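Q: I have a structure open here and would like to go through it with you. Could we start with a single residue and its surroundings?

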Amino acid sequence: MSATTPSNAAVAELIQKYEANITNRSRRVARIELSKWTTEEVKGVMDQLVPRTRRKGSDEPCGPEFNHLNTSLKSTLMIQFGIWSILSLGTVFLLPMQVGAALYLLLHGRLSAIWRELPKPTALLFDWSTGLHAFVKAPMSLVTKSIEREEALCVNRKGKFMLRKHGYAILSHVWGETMGWNTERSWGPVELGLRKRGLAYHHFLKFFRRCDAEWLWVDVLAMPAVYEDMSTTEKANIETLRTGIINCLHAVYSRADKVVCLDGLLLRLQSGSMVDVAVILSLGRWINRLWPFTETKLAKRVILKTEDAAFDLDEIITFLYETVYNEDHRYFHIFARLAPLRPVPLGFRIWLDYLARPGTSETDLFREIYSGCENRLCDVEIDQARALFPVLGLKWIAGWTLQEGLHHIANAYPDDKKLLLKYCHYRGIQHEIQ
């Protein structure tokens, strides 16, 4: 990679004016994806971002609104009193209108509508008021069954869980944006006691409002968490369950109707331009994480959500492919960043060879993995191998180290050992392949 030029530095500095904690990403994207863009062109895109609302705690569009649970008796009683007060006052307000409607329907002989339609406003009020302090968490029995049946453990808007083989969407997100408690100066996990209860219902609804799906597979709900206060045996048991779910991910991701990307920066974009979406996506955290590569590679469709619209990733890649005519085109490096995320058609591959420079023996899949995982990070060391297993159709064994996982890949794909070794060297992994 070339060193940052004065013009690249100016572009990076401009980007940093629109978003905090983006220094490294802005410098890399300015040096590569936006290397042929002027500051005026980049400013035109960045101006389409809605200013971030600064508030205490998480200021992400899909972040949590509180990070600790006050379990004192006084606080609990006040919450319950508030909920029942809202429910009672609402019921009193609705009752006269419901009685009047019942008399009208009775006089007109519409008896079925009395018991079918009239209770709905009260039921909706009850769901809303109780949801103010409700939590969503998957039953452990269904988690186990999802592994046994290799089915997706999905949830609907009401917090009801169901095992499904079709008719659901995948939520793709960055945990640091959607699950962490971040401020301008610090970031940290939500308090342990709160995490154990599951997702706060109003936080959970933020996902549904943006995913346009009846049933949703959410990793933080479908996969049981390992908590720091668990015993060694409990942690081992949960890790076994997590491994079982990871080994089902090929089926879960590939059967889903779509994967919906909720990137914090992209959710601030107000633009109808596919190029603007591609630029902001390149700057976001989502494209810099390793697991989203696995999710998008196996998906039937990938939907990118912005502040006020939705875009199909395949349509964006196709548009860039049809627009770019050589490596000197200013969209070329953006296209090269996005194209490996999806199953790459034959006509696209000639554009990707410049990244991997593979020999003739490597499979097309491994070329796409190498290119698609560039500049992608993960917080768990073994995920540098484990995240590739669903794409490669392999099964992970609980307790494996990173080295054992890489050896398994090398044995399963002997023709790709050289490219796997290059993947390891790029990621700074010390690994010897026989």
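Q: Which residues does Leu 192 touch, not counting residues up to four places away in sequence?
A: In this predicted model, Leu 192 touches Tyr 227, Glu 228 and Asp 229.

Q: What separates the C-alpha atoms of Leu 192 and Glu 228?
A: The C-alpha atoms of these two residues are separated by 8.2 Å, although Leu 192 and Glu 228 are 36 residues apart along the chain.

Q: And in which helix is Leu 192 found?
A: Leu 192 is found in helix 9, which covers residues 192-195.

Q: How many helices and strands does the protein chain have?
A: The protein chain has 23 helices and 11 strands. Of its 434 residues, 50% are buried. Among contacts with a separation of 6 or more, 70% are accounted for by residues 24 or more positions apart.

Q: Let us turn to strand 2. Which strand is joined to it, and by how many bridges?
A: Strand 2 (residues 152-155) is joined to strand 3 (residues 161-164) by 4 bridges, and the two run antiparallel. Cys 154 has Met 162 as its bridge partner, and Val 155 stands opposite Phe 161.

Q: What about the residues between these strands?
A: The hairpin has 5 residues between strand 2 and strand 3, and one of its residues, Gly 159, takes a positive phi near 85°.

Q: Are the faces of strand 2 covered or open?
A: Both faces are covered. Ala 152 and Cys 154 are buried on one side, and Leu 153 and Val 155 are buried on the other. In a regular strand the side chains alternate between the two faces of the sheet.

Q: Changing topic: at what angle do helix 14 and helix 16 pack?
A: Helix 14 (residues 274-283) and helix 16 (residues 313-323) pack at about 105°, with their axes 10 Å apart. Helix 14 is therefore roughly perpendicular to helix 16.

Q: Which residues meet there?
A: From helix 14, Met 274, Val 275, Val 277, Ala 278 and Leu 281 meet Leu 313, Glu 315, Ile 316, Phe 319 and Leu 320 of helix 16.

Q: Now the aromatics. How many aromatic pairs are there?
A: The count comes to 9 aromatic pairs. Phe 389 is buried, with a relative accessible area of 0%.

Q: Which residues form an aromatic cluster?
A: Tyr 201, Phe 204 and Phe 208 form one aromatic cluster.

Q: And where does the charged end of Arg 330 sit?
A: The charged end of Arg 330 sits over the ring of Trp 37, 4.4 Å from the ring centre. Arg 386 lies over the face of Trp 396, at 6.0 Å from the centre of that ring.

How values were computed:
Residues are numbered from 1 along each chain as its sequence is written. This is a predicted model: local features need pLDDT of at least 70, side-chain atom pairs count only at pLDDT 80 or more; totals for chains, interfaces and linings use all residues. Side-chain values use heavy atoms; hydrogens and water are left out. Rings of Phe, Tyr and Trp (its six-membered ring) pair if their centres lie within 6.5 Å; planes under 30 degrees apart count as stacked, over 60 as edge-to-face and the rest as tilted. Buried means under 20% relative accessible area, exposed over 50%, partly exposed in between (1.4 Å probe, protein chains only). A charge sits over a ring if NZ of Lys or CZ of Arg is within 6 Å of the ring centre and within 35 degrees of the ring normal. Two strands pair if DSSP finds at least two bridges between them. Axes are lines fitted to C-alpha atoms, for helices over the stretch in contact, and angles run from 0 to 180 degrees between N-to-C directions. Angles under 35 degrees count as roughly parallel, over 145 as roughly antiparallel, 65 to 115 as roughly perpendicular and the rest as oblique. Contact means heavy atoms within 4.5 Å.
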